[in-house]
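A walk through the structure in plain terms would be enough.

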Amino acid sequence: MAQKNYTGISVEVNEEGYFLDSTVWTKEMAVEIAKELELELTDLHFEVLNYLRTRFNAGEALTIRGVGKSGVIDIKGFYGLFPGAPMKKAAKIAGIPKPASCI
Amino acid sequence: MKKILILGAGTGGTIMANKLRKSLERTEWEITIIDFEKTHYYQPGFLFIPFGMYTKKDVIKPKMDFIPVGVNTVFAEIDSIAAEENSVKMKNGDIYKYDYLIIATGTRIVPEETPGMLGELWQKKIFDFYTIDGAIALADFFKTWKGGDLVLNIADMPIKCPVAPLEFVMFADAFFSERGMRDKVNIHYVTPMSGAFTKPRASKILGNLLEEKNINIIPDFYLERVDNENQKIVSYDEREVPFDCLITIPVHKGSEVISRSGLGDDMDFVPTDKFSLRSHKHENIFVIGDASNIPTSKAGSVVHFSADVLFENIHCAIENRPFTASFDGHSNCYIETGHGKGALIDFNYDTEPLPGHFPFPGIGPFGLLKETRMNHYGKLIFRWIYWHILLKGKEMPINSKMDLAGKKLA
Ligand SMILES: Cc1cc2nc3c(=O)[nH]c(=O)nc-3n(C[C@H](O)[C@H](O)[C@H](O)COP(=O)(O)OP(=O)(O)OC[C@H]3O[C@@H](n4cnc5c(N)ncnc54)[C@H](O)[C@@H]3O)c2cc1C
C-alpha cells in the first residue's frame with residue numbers, strides 16, 4: 001500500500017500506482033495522473049475513461065479487444081491515445097484496478 | 001425424472017458426469033452429456049508433439065472410455081441454449097430439456113480474428129500447437145528446418161494454459177541445442193504482457209530463465225496483423241518482428257454455442273460468479289472450465305479443483321440450500337524447462353505464485369518456481385493421472401483449496 005497526492009487529496013494506491021478505491025477519483029485527478037505518464041488529456045481520452053469506468057462499475061472484464069468493439073474507439077485509436085500499453089495506462093488514469101484479463 | 005444436461009465432454013464435462021452419476025439416484029435424475037467429438041484429446045500433450053516426444057496416439061482416447069454407465073451420451077453438434085425455456089437446441093433440430101445445465105464447452109482458437117494469419121504461409125511457415133493438426137504439421141516442419149528466426153507470438157490474453165508458450169520456447173532451446181543447430185536459431189518470445197508471465201514474481205523468475213537460455217523477450221506487443229509477403233508480424237503501435245517460422249497462439253474465444261445463445265461477453269466467455277461457479281444471469285446454469293470468464297488460468301488443474309466446488313454447489317441448488325462451497329481460483333501448473341527439468345507454480349485469485357515446496361511443506365517432492373528434475377517427472381506423471389484419476393472424478397492427494405504452508409511469502 002502507498003499514498004499518492006492528487007489535487008491536494010491523499011489517495012491510497014497499490015505498489016504499481018493503481019487506485020484502491022475507484023470512487024475517490026475525479027476528472028481533475030485524471031489530468032494529474034496523465035501528466036505523470038506524460039499525457040495531455042483530450043475529450044476523446046475522457047470518453048474512453050468514462051467507458052472504462054462504466055464497464056468496471058458494472059463488474060465487467062476490461063480487454064483491449066473489448067474496447068475495440070465498444071464503438072467509442074478502435075484499437076489503433078486506443079493505442080494512439082495511450083501509447084505503449086493502452087489498457088494499463090488508461091486504467092491507471094481512470095482510477096480503476098489494473099485489468100485482470102492477463103492471467 | 002429430473003434432468004441434468006452437460007454441454008461438452010472435455011475435461012470439465014467428463015469429470016462432472018462421473019461425480020454426479022455417483023451421487024445422484026438413477027431413479028430420480030437423468031444425466032445427459034453432449035459433444036460433437038468422439039475423441040478425447042489430452043491437450044497438455046500437444047506441447048510435446050512438435051518436438052517428436054509424443055505422437056498423436058499418445059494424446060487420444062475414445063471419450064466413451066471415460067463416461068460412466070448410466071449417463072446418456074450424445075455425439076452431435078450443439079446449436080444453442082434457450083435459457084428462458086430451459087432447453088438446448090441441436091444443429092440437427094433435436095431439443096433437450098433440463099432442470100440444471102452445466103456449460104463445459106471450453107475455448108477455441110480463432111486465427112481468423114487476426115488479418116493475414118490464415119494467409120499463404122499458414123501451415124507452411126506459420127503454425128499453432130494448440131490443435132492436434134497444428135502440432136503435427138509443426139513436427140513435420142521442424143524435421144527439416146534449417147534455422148532462422150523462430151518467433152513465438154501470443155496474439156491476446158486470455159489463452160489456455162498461459163505457461164504452455166513459455167514451455168514451448170524452452171523446449172525449442174533444448175531441441176535445437178541437442179541437434180547441434182542452436183546457433184542457427186534465434187528464439188523470440190513476443191507477448192502482449194509486460195513480461196514472461198502474468199503474475200509479477202513468477203514473471204521475474206521465469207523471465208530470468210528465458211534470458212539464461214538466450215531467448216529474446218519482446219513485451220507489450222499487441223498483434224494487429226501478419227504480413228505474409230515480408231514475413232513479419234506487426235503490432236497496433238506499428239512495431240514489426242520478422243520471422244522465418246512463426247508459432248502463433250491465436251486469439252481465444254468461447255464456443256460458438258455461447259455466442260449463438262447470447263450468453264457470453266465480448267469474447268464469448270460466460271459471465272460466471274467466480275466463487276459459486278453459477279452463471280450470473282441464470283439460477284439453474286453452472287459453468288466449469290475454460291468456458292467461463294472467472295479470473296484464473298484456463299487450465300486442466302483449475303477445472304479439476306473447481307469440480308469439487310461445483311459438485312458441492314449443485315447439490316446445494318438441488319436441495320434448495322445456500323451454497324456451501326466457494327472456489328479460490330486455485331491453479332497448479334508444471335512448467336517444462338527443457339533438458340529433463342521442470343518448474344512448478346501454484347496460485348489462486350489472491351496469492352501470486354511463490355517459491356517453496358509442494359504439496360508437503362519443507363519436503364516437496366516438488367520445488368515451486370525452481371528448475372528440478374522432479375518437476376519434469378511431475379509433468380510426465382500428470383498424463384497418467386489425467387486419464388486414470390482426474391477425468392474419472394476420483395479423489396487426489398492434493399487439496400482443492402490452495403495451501404500457504406511451505407511457501408516463502410517474503
Ligand atoms: C497446448 C496446451 C497445453 C496445455 N497444458 C496444460 C497443462 O500443462 N496443465 C493444465 O492443467 N492444463 C493445460 N492445458 C489446458 C487444458 O487442456 C484445458 O484447460 C482443459 O482441457 C479445459 O477443459 P474444459 O472442460 O473447460 O474444455 P475442453 O476439455 O476443451 O472441452 C470442451 C468440449 O466442448 C466440446 N464442444 C465445444 N463446442 C461444442 C458444440 N458446439 N457442440 C458439441 N460439443 C462442443 C468440445 O468438442 C470439447 O470436447 C493445455 C492446453 C493446451 C492447448
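**Helix packing and backbone geometry**

In chain A, helices α1(A) and α2(A) pack at an angle of about 110°, with their axes 12 Å apart. Axes here are lines fitted to C-alpha atoms, for helices over the stretch in contact, and angles run from 0 to 180 degrees between N-to-C directions. The two helices α1(A) and α2(A) are therefore roughly perpendicular to each other; angles of 65 to 115 degrees count as such, under 35 as roughly parallel, over 145 as roughly antiparallel and the rest as oblique. From α1(A), the contact draws on A:Lys27, A:Ala30 and A:Val31, and from α2(A) on A:Phe46, A:Leu49 and A:Asn50. Contact means heavy atoms within 4.5 Å. These residues divide into four nonpolar, one polar and one charged, where Ala, Val, Leu, Ile, Met, Phe, Trp, Tyr, Cys and Pro count as nonpolar, Asp, Glu, Lys and Arg as charged, and the others, Gly among them, as polar.

The model is predicted: local features need pLDDT of at least 70, side-chain atom pairs count only at pLDDT 80 or more, and totals for chains, interfaces and linings use all residues. Residues are numbered from 1 along each chain as its sequence is written, chains are lettered from A and ligands numbered from 1 in the order in which they are written, and side-chain values use heavy atoms, with hydrogens and water left out.

Helices (H or I, at least four residues) and strands (E, at least two) are DSSP runs, numbered from the N terminus. Helix α5 of chain A spans residues 86-93, and six of its eight residues are buried, so the rest of the structure largely encloses it. Buried means under 20% relative accessible area, exposed over 50%, and partly exposed in between (1.4 Å probe, protein chains only). The buried residues of α5(A) are A:Pro86, A:Met87, A:Lys88, A:Ala90, A:Ala91 and A:Ile93. They pack against α1 (27-36), α2 (43-57), α3 (64-68) and α4 (75-81) of chain A. After α5(A) comes A:Gly95, with a positive phi near 70°.

Chain B has its own backbone features. The bond joining B:Met157 and B:Pro158 is a cis peptide bond, with omega about 0°. B:Pro158 lies in the loop between β12 (148-154) and α3 (164-178) of chain B, and B:Cys161 is placed in the loop between β12 and α3. B:Cys161 is not a glycine, yet has a positive phi of about 45°; its relative accessible area is 23%, partly exposed.
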